[in-house]
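The structure comes first, then the points by topic.

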Amino acid sequence: MRAGEAKKAWRVPRNIVVLGIAMAVSGCVAPLPQAGDYSRLNSRFSDTEPALSGNGRFLAMVTNRGGRQDLALYDIQQQRFLEIPRLNRRNALVESPSLSRSARYIAYVVNERGRPEIALYDRVTQRRQMLTNGFRGPVRNPSISPDGRYVAFESGRRGQWDIEVFDRGASVQLDQVGGAPGGGIEQEVTPNAQ
Amino acid sequence: MLSKVFELMGRKGVLTLPLALFFLTSCVGPAGRLVRYPNNDRGGLSSPHDDREVHHGGRYIALVSDRRGRQEIELFDTRSRNLIPLPGLNRQDTVVSHPSVSADGQFIAYGGVRDGRSDIYLYRRARRESRNLTQRLNTAVRNPSMSERGDRVAFEVNVNGQWEVAIYDQNGRPLNIPTNPR
């Protein structure tokens with residue numbers, strides 16, 4: 001009787017432990033409060049890696065004004081910074097931002113577990129997707145196409161840097177707002193033979 | 001209520017696996033694939049040499065490549081799947097880097113180091129020449145980023161020993177924004 005009770009008492013915590021591990025591993029953790037002086041474009045601290053959106057209205061950058069390295073998004077027209085909830089995370093190093101046409105999508109490099117990965121943040125859903133999990137070799141310097149469908153980046157899996165282009169697929173929501181003439185092209189896409 | 005949930009999880013582990021999968025998959029990347037572009041020394045996007053600092057401008061992709069034996073900016077047309085010549089851009093006396101191409105492929109902003117000076121240049125294909133956007137700035141500059149129309153260029157500038165972000169127009173004039181270096 002007692003042994004049976006003891007077994008039942010342990011089963012619950014174990015499942016919670018599994019869940020807890022899953023939650024921790026998933027990285028979907030609490031938002032980081034944004035410290036630092038965001039009243040002006042430049043700060044007393046280093047502000048680097050500017051990336052203009054295709055329409056020229058928005059600017060992403062890497063800033064140290066919050067006492068840590070963060071990505072920030074600046075609206076040039078309104079001369080103020082915008083919120084990017086859940087992009088900057090407590091234990092993650094972020095850098096190398098790139099914006100789509102109206103800054104709907106932000107491609108950037110994030111390093112949480114020791115390997116820099118390329119991530120894609122959607123400002124509409126406020127969620128991020130990891131693009132290079134499982135990629136062989138190092139990756140860096142993402143550049144997202146203005147329509148947001150393609151992400152070019154450097155890949156080092158052949159022992160040197162090569163340019164690769166990731167196609168997010170034809171069903172992604174394209175960033176067409178305020179598109180410039182000559183934007184929006186048909187791309188020929190052939191399946192990767194790997 | 002919560003204790004009932006725990007009881008259910010505990011009794012059959014019913015909810016645990018789906019919930020765990022939910023948390024794990026909610027951050028997983030999309031099912032995409034790599035586009036297969038030509039990879040060769042002649043006109044490929046990538047080559048057997050170092051290719052880096054890529055900028056995806058939509059139809060055109062700009063990059064820095066060592067395939068011609070020196071560090072040069074190349075422009076790849078995704079429609080014709082070939083390189084576009086850039087007469088007057090790459091020069092013997094300039095180290096070029098970090099290109100940014102407009103949507104129509106007519107303008108390329110890039111960083112250049114010449115005679116010990118670093119500057120941000122705006123190359124115009126039709127004119128076969130580059131304009132120095134930072135001529136009046138006697139300080140280190142680097143890493144330009146250009147808008148689709150080629151009318152705006154942001155870059156880093158050394159202000160009092162620290163990198164700051166500058167936003168200029170295509171004529172080399174800083175936008176009227178507080179703390180914009182000029």
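In chain B, S6-S7-S8-S9 is the order of an open sheet of four strands with antiparallel pairing. Strands are DSSP runs (E, at least two residues) numbered from the N terminus, and two of them pair if DSSP finds at least two bridges between them. The model is predicted: local features need pLDDT of at least 70, side-chain atom pairs count only at pLDDT 80 or more, and totals for chains, interfaces and linings use all residues. Residues are numbered from 1 along each chain as its sequence is written, and chains are lettered from A in the order in which they are written.

- S8 (117–124) and S9 of chain B run antiparallel and are joined by four bridges.
- Leu122(B) has Arg131(B) in S9(B) as its bridge partner.

**Three-stranded sheet**
- Chain B also has an open antiparallel sheet of three strands, ordered S10-S11-S12.
- Its edge strands, S10 (141–146) and S12 (162–169) of chain B, each pair on one side only.
- Four bridges link S10(B) to S11 (152–159) of chain B in the antiparallel sense.
- Ser145(B) has Ala154(B) in S11(B) as its bridge partner.

Note on methods
Heavy atoms only, no water.
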